Amino acid sequence: MLLALRLPGGGRRPFVLLAAGLMLLLSGRAADAQQDTAPVQVTISVRSAGAPLPGATVRLGGSTAVTGSAGTAVFRVPRGTYPLRVEHEGHRPLRRSLPAPGDTQLNVALEPLPHGDGEHGHAEELEGIVVTATRSEQRIEDVPVRVEVLGREEVEEKMLMTPGDIAMMLNETSGLRVQTTSPSLGGAGVRVQGLRGRYTQILSDGLPLYGGQSGALGLLQIPPMDLGQVEVVKGAASALYGASALGGVVNLVSRRPADEPDRELLLNASTLGGADAVLWSSGPLGERWGYTFLGSGHRQGRADVDDDGWADLPAYRRAVLRPRLFWNGGEGRSALFTVGATAEERDGGGRVPGGAAFAEALETARLDGGTVGRFLLAGDRLLTVRGSGMVQRHAHRFGGVRERDLHATWFAEAALGGASGAHTWVVGAALQRESYDARDVAGFDYAFTVPALFAQDDFRPAEWLALTASARLDAHSEYGTFFSPRVSALLRPVEGWSLRASAGTGFFAPTPFTEETEAVGLARLQPLEDLRAERARTASLDLGRTAGEWELNATLFGSVVDAAVQLRGLDGGSVLRLENVPGATRTWGTELLARWHRGPLHATATHAWIHSTEPDPERGGRRDAALVPRHAAGVVGMWEDEGNGRVGVEVYYTGRQALEDNPYRAESRRYVVVGMLVERRVGRARVFLNAENLGDARQTRWDPLLLPARSAEGRWTTDAWAPLEGRTLNGGVRLEL
């Protein structure tokens, strides 16, 4: 079954279809009352030693909740029998089968474990809502470093909007902006708090499966169906992950297998000629093993939204496979094994001024594999080992120029952690090798080997105070040795209030690949000479408040990047050179976040103000960094009922941005994007309809994307500072198999 929406003329039809989707959701109540799948309310009350137990993780079937201050968790599920699992650190986990023929209330008592018990000892890896990207794997409310976490529910919402990639999910996260780097092929990078996208490290379960420097198309090749949560660490994180984490880390945490077999098929189509088919399967493989499997196919037709002969959306065809195996050996031993394969073809470009044809194309083939193992030693020491490898081939065509290459990343790490009094510590060593081999362009091959030592100490002298100190020593084979420290503090002076402070340094090892060279290729670039590593200092201060149904947070942040690499044009721009620019790129700003939750209703409001300047080597002095909106804000409201469906509305505002080398304007326009999502459960199926950019905010409504003539460095388009695809609808069905 496939809901395909094609609107050749646009006009009012998107609104008609949206109204039809609303009617689909709200209709059928009487019919549902006659079905055995009518939702019921299940309330789980968790106690320990006779008192309510907050912070316990409760899993009912495929749903997860954490008990609040009253020790209760509430679920809305169809009638049936579900596996129940209740866990809390320091307690023996409870597992049972729970029938739910109607509204049900269950009281659960967890048994405390003696200190050092082998099943849940002090050093055992935590489950539930925990942060893994900071190495110590703590609950999010206990982490001194400010971490943004997108849970499974948020991942699902964004999955219905773009089932084929994670770009929208990250773009609508506070403090992040997905910036298009190559309009011809749709490449994009993630800016964290205004910093360049090349400074952001993308990880999968702590592994660099997409390369040490994730390419501009990496985000567009990751389906979100098999993600359990997404963790974002902002600011210099080289103390945790080395050279590629100068600006921050996005850690994609995989979805774990359920206790019972779970299979789902998602089919989707869009009004711009896109289609997606995603299969998810998971389940146990005996007593100690489990598996997950993701297989997907995606396609997009060329879309010339403004009818100027140039593709505003490139065509692509992509296939992705990712099986994972999970092993639970008991007594604190576990392992994850993963392999992945991606194959994609992209075609963009079109007619340029004068009527000639200019085509861009890219073929990608990527194969990766990795493992993460955890082993509890001597009852109170946790050994973690990680290893991965990634090989990626590209065949890129810029008009008549062909560039083929091979990227490879190899990674190994071992860390030992434990606790001593108020200290929880981790020490370890890592080795990473990055290589690049170009077949058609000489002078850019490299092979970097980087051994590293790292350490981290979490010190909790009191319940209201937590301190974390991290440090890493990297010996880069090309750029030298770097010491990267980071310190963080968490204070809880009053119930419901938290204050976090963090400061650190980082470094970035330059390669030929920047946002600009991703768009124009390497044919006009001079071989790299006399480049130095880029260095950064970042700091942030966060004030948080939780009160009943509200969560509030305010952040002040700043960063200084010294010797940043910029692309310079020589001989009128026909020859390109990468240089360290004297001076510093300075960025500072604020983030505001408010969340409200009551029953099935959720609302989130965000605002970011960023001021970023950099040296101007052409005119001297300083200039505003390009493509960094001074203001960005968003409001999202969602009504969600597991047994019926969901309705969501979102509004995003993007302020003015400085532009470079744009003949039409020096500063962008402000614009607003409005979207709406409707999902309706019908038996074992969920039908959904999503409307993006209902107001049709689009860069080509105000300016051409095409340049009047090809630029000296070889580009035919300006930078993309607003959406190019305009109003879009997509819809489909999720089937529980």
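## Aromatic pairs, a pocket and cavities

At 36% relative accessibility, W289 counts as partly exposed, a class that lies between buried (under 20% relative accessible area) and exposed (over 50%), with a 1.4 Å probe and protein chains only. The model is predicted, so local features need pLDDT of at least 70 and side-chain atom pairs count only at pLDDT 80 or more, while totals for chains, interfaces and linings use all residues. Residues are numbered from 1 along each chain as its sequence is written, and side-chain values use heavy atoms, with hydrogens and water left out.

F337, at 34% relative accessibility, also counts as partly exposed. The structure holds nine aromatic pairs, where rings of Phe, Tyr and Trp (its six-membered ring) pair if their centres lie within 6.5 Å, and planes under 30 degrees apart count as stacked, over 60 as edge-to-face and the rest as tilted. The rings of W289 and F337 form a stacked pair, because their centres are 6.3 Å apart and their planes stand at 25°. Since W289 belongs to strand β21 (residues 289–300) and F337 to strand β23 (residues 333–351), this pair ties together parts that are 48 residues apart in sequence; helices (H or I, at least four residues) and strands (E, at least two) are DSSP runs, numbered from the N terminus.

Another stacked aromatic pair joins F482 and F507, at 4.2 Å centre to centre and with 10° between the planes. This pair links distant parts of the chain, with F482 in strand β30 (residues 480–491) and F507 in strand β31 (residues 497–508), 25 residues apart. Both F482 and F507 are buried. Elsewhere, Y436, Y446, F448, Y479 and F513 are linked by ring pairs into a cluster.

The second largest pocket holds about 920 Å³ of space. Of the 35 residues that line this pocket, E516, L567, E660, D661 and E713 lie nearest its centre, and β14 (176–182), α6 (515–520) and β34 (565–570) are the elements that give two or more residues to its lining.

The structure also holds ten cavities of 30 Å³ or more, and the second largest cavity has a volume of about 180 Å³. Its lining has 20 residues, of which Q193, K234, G235, S540 and F557 lie nearest the centre, and the elements giving two or more residues to this lining are β32 (534–547) and β33 (550–562).

The two linings divide as follows.

Notes. 1 Å grid on protein atoms, 1.4 Å probe; cavity = no way out; pocket = protein on both sides within 12 Å on 5 of 7 lines; lining within 4 Å. Points joined across faces, edges and corners; volume = space filled by probe spheres on them.
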